[in-house]
Amino acid sequence: MNPIAIFGHRGARGLLPENTLEGFACAHAIGLTGVEFDVGLSEDGIAAVHHDPRPNPDIARAADGIYVGKDAPLLRDLPYARIAQYDVGRLRPGSDYEARYPDQRPIDGAHIPSLDAALGALAGLDLLIEVKTFPDRPDDTAAPEAMAASVIASLRRNGALEDAVLFAFDWRVLRVAAALEPCLRRCCLSAPDTVAEGRLWLDGADLGQFDGRLPRAVAATGAACWAPFHASLDQADLAEAQSLGLRVLPWTVNTPEAFERMIALGVDGMISDRPDLARSAVEAVGGIVAGPGFVRSFGASIGI
């Protein structure tokens with residue numbers, strides 16, 4: 001069995017508040033390959049580490065301690081200094097989110113970090129950076145060009161290009177990034193709904209041109225890896241992807257049954273809200289967890 005990479009999803013959100021420096025510290029403590037996290041762009045062009053286009057009502061509190069509503073301002077309409085003031089260290093009591101992650105330990109005072117701060121906190125770990133744009137809601141975020149440029153500039157400033165993989169469901173982001181920084185490794189995210197609306201999410205790709213085979217469409221972008229939703233991944237797609245030189249990193253693998261299935265399939269890595277359990281699952285079958293530096297073993301992305 002080849003070493004399997006384990007990445008904490010949004011830091012390690014099953015254990016600590018998502019996309020926070022505190023959660024990123026957990027990744028070091030557990031001994032992970034690296035961390036997956038999300039990036040948006042502020043009004044003043046600063047990359048901020050947050051999953052949603054607005055402060056998430058289930059985690060974000062304003063200075064008065066009250067959780068924001070669904071009408072919270074878009075990140076793109078706020079200067080980063082305002083974004084950094086939100087407290088995202090405690091799940092909203094009684095929310096579905098709280099029920100899903102009962103083991104998450106709250107840390108009041110945890111805030112939304114900048115990408116620069118995140119890269120500093122994650123030094124020495126591999127980085128899976130998801131750029132959050134929404135082709136079905138284009139006005140919710142900055143344009144793919146601005147988003148990719150900001151992330152790449154931060155990676156250059158921090159000397160982190162070699163340790164990073166740029167992720168996106170919106171494959172336009174990956175095409176733009178390839179033109180701006182061809183050496184930056186890229187990964188195509190996919191989910192059943194984005195594949196069903198391929199013309200929108202897959203940068204206009206027509207799967208019919210690839211005999212309906214998604215791994216072939218991914219490889220045609222020049223990406224180094226593919227990150228499918230774990231439940232949609234089967235042996236045929238995995239084998240084809242790996243034969244095309246792609247690393248396969250399914251998300252979000254959280255249960256014992258899912259760990260067992262992914263390990264049995266032979267995936268290259270797993271992205272998990274409970275990376276501690278994912279690590280234990282690999283070790284329980286005599287496997288080895290890949291250390292940091294795993295992404296440097298990827299075949300380099302090819303400019304498109």
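The protein chain exposes about 11900 Å². Carbon and sulfur atoms supply 52% of that area. Accessible areas here come from the Shrake-Rupley method with a 1.4 Å probe, and for residues only the protein chains shown count as cover.

Some ground rules. This is a predicted model, where local features need pLDDT of at least 70, side-chain atom pairs count only at pLDDT 80 or more, and totals for chains, interfaces and linings use all residues. Residues are numbered from 1 along each chain as its sequence is written, and side-chain values use heavy atoms, with hydrogens and water left out.

Now the overall build. The protein chain has twelve helices and nine strands. These are DSSP runs, numbered from the N terminus: helices are H or I with at least four residues, strands are E with at least two. The radius of gyration is 18 Å, close to the 19 Å that the globule rule gives for 304 residues, so the chain is as compact as a globular protein of that length. That radius is taken over C-alpha atoms, and the rule is 2.2 Å times the number of residues to the power 0.38. Along its principal axes, the C-alpha trace spans about 55 × 40 × 35 Å.

How much of the protein chain is buried? Of its 304 residues, 57%. Buried means under 20% relative accessible area, exposed means over 50%, and partly exposed is in between, with a 1.4 Å probe and protein chains only.

The largest nonpolar core has 90 residues. A nonpolar core is a set of buried Ala, Val, Leu, Ile, Met, Phe, Trp, Tyr and Cys residues joined through side-chain atoms within 4.5 Å. Phe37, Ile129, Leu155, Phe167, Leu249 and Met270 have the most contacts inside this core. There is also a second, separate core of 15 residues, including Ala48 and Leu78.

Look at Phe167. Leaving out residues up to four places away in sequence, Phe167 touches Ile129, Leu174, Cys225 and Leu249, among others. Contact means heavy atoms within 4.5 Å.

Follow that to Cys225, in strand E7, residues 225-228. Cys225 is buried, with a relative accessible area of 0%. Its contacts beyond four places in sequence include Val165, Cys187, Cys188 and Phe298. The C-alpha atoms of Cys225 and Leu166 are separated by 9.9 Å, though they sit 59 residues apart along the chain.

Helix H6 covers residues 171-180. Its buried residues include Trp171, Leu174 and Ala178. What do the buried residues of H6 pack against? Among the elements are strand E4 (126-131), helix H5 (144-157) and strand E5 (164-168).

Arg274 lies between strand E9 (269-272) and helix H12 (275-284). Buried or exposed, Arg274? Buried, with a relative accessible area of 17%. Arg274 touches Gly14, Leu15, Asp103, Asn254 and Phe259, not counting residues up to four places away in sequence.

Most residues other than glycine have a negative phi. Arg10 has phi near 55°, a positive value. Arg10 is in the loop between strand E1 (5-9) and helix H1 (21-30), and is buried at 9% relative accessible area. Asp203 also has a positive phi, near 55°. Asp203 lies in the loop between H8 and H9 and is partly exposed, at 29%.
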